[in-house]
Amino acid sequence: HSNQSCQSRQIKWCELLGGTLVQAGNGKIIADQQDRVQLLPGVLETLARLTARDVFVISNDAQAASFIAQVNRICGGTIADYEVYKDPVEAKSALIGLLAKYKIPAAAALMIGTDVASEKSAQAAKLAKFIHASAYFSSG
């Protein structure tokens, strides 16, 4: 999953994105007939500003690899790595696993999510902060 450039960066802060980058419905990513995803408003601009940080994605969508590759092509490779989980109970483990893999303390991690389950996972993993995606990506 990992983007090789992530390994060499000095990590000061990381962003964990849980299903907040592309349009989705009924728990699945929405793509057009050519299987292209649509970024949500503000995502491109926000990810463009995060090049000095490590950005990770956790997702419960089995097609995460495809949408992350597309987002990375659009946004210049900002997403360093990702983890897919099967049910909400595994979200906390996905968060903790990514942080451990890159030796990032939970106190240096911000999670951006769309629902109460994501917020509870962030709290259970003792992350520094949780911000709802609509506020994060519209903050300019």
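Lysine 126 is exposed, with a relative accessible area of 64%; exposed here means over 50%, buried under 20%, and partly exposed in between, using a 1.4 Å probe and protein chains only. Lysine 126 sits in the loop between α5 and β7 (129-132), and its phi is near 60°, a positive value in a residue other than glycine. Most residues other than glycine have a negative phi. Lysine 103 is another case, with phi near 55°. Lysine 103 lies in the loop between α4 and β6 and counts as exposed at 73% relative accessibility.

A word on the ground rules: this is a predicted model, in which local features need pLDDT of at least 70 and side-chain atom pairs count only at pLDDT 80 or more, while totals for chains, interfaces and linings use all residues. Residues are numbered from 1 along each chain as its sequence is written, and side-chain values use heavy atoms, with hydrogens and water left out.

Overall, the protein has six helices and seven strands, taken as DSSP runs numbered from the N terminus (helices H or I, at least four residues; strands E, at least two). Along the sequence they run α-β-β-β-α-β-α-β-α-β-α-β-α. Of the 140 residues, 42% count as buried. Of the contacts (heavy atoms within 4.5 Å) between residues at least 6 apart in sequence, 64% join residues at least 24 apart.

In soluble globular proteins, nonpolar side chains tend to be buried together.

Helix α3 itself has 12 residues and reaches 16 Å from its first C-alpha to its last, close to the 16 Å expected at 1.5 Å a residue; the expected span is 1.5 Å times one less than the number of residues. Buried positions in α3 include Ala64, Gln70, Asn72 and Cys75. After α3 comes glycine 76, with a positive phi near 80°.

The structure holds one aromatic pair. The ring centres of phenylalanine 56 and tyrosine 102 are 4.9 Å apart and the planes are at 40°, so the pair is tilted; rings of Phe, Tyr and Trp (its six-membered ring) pair if their centres lie within 6.5 Å, with planes under 30 degrees apart stacked, over 60 edge-to-face and the rest tilted. Phenylalanine 56 is in strand β4 (residues 54-59) and tyrosine 102 in the loop between α4 (88-101) and β6 (109-113), 46 residues apart. Both phenylalanine 56 and tyrosine 102 are buried.

Polar residues turn up inside too. Aspartate 81, in strand β5, counts as buried at 0% relative accessibility. Its side chain and that of lysine 101 are joined by a polar contact of 2.8 Å; such a contact is a pair of N or O atoms within 3.5 Å, where within protein one must be able to donate a hydrogen and the other to accept it, and residues adjacent in sequence count only if both atoms are side-chain atoms. Serine 121, in helix α5 (residues 116-124), is likewise buried, at 6% relative accessibility. Leaving aside neighbours within four places in sequence, serine 121 is in contact with Pro88, Ala91, Lys92 and Leu95.
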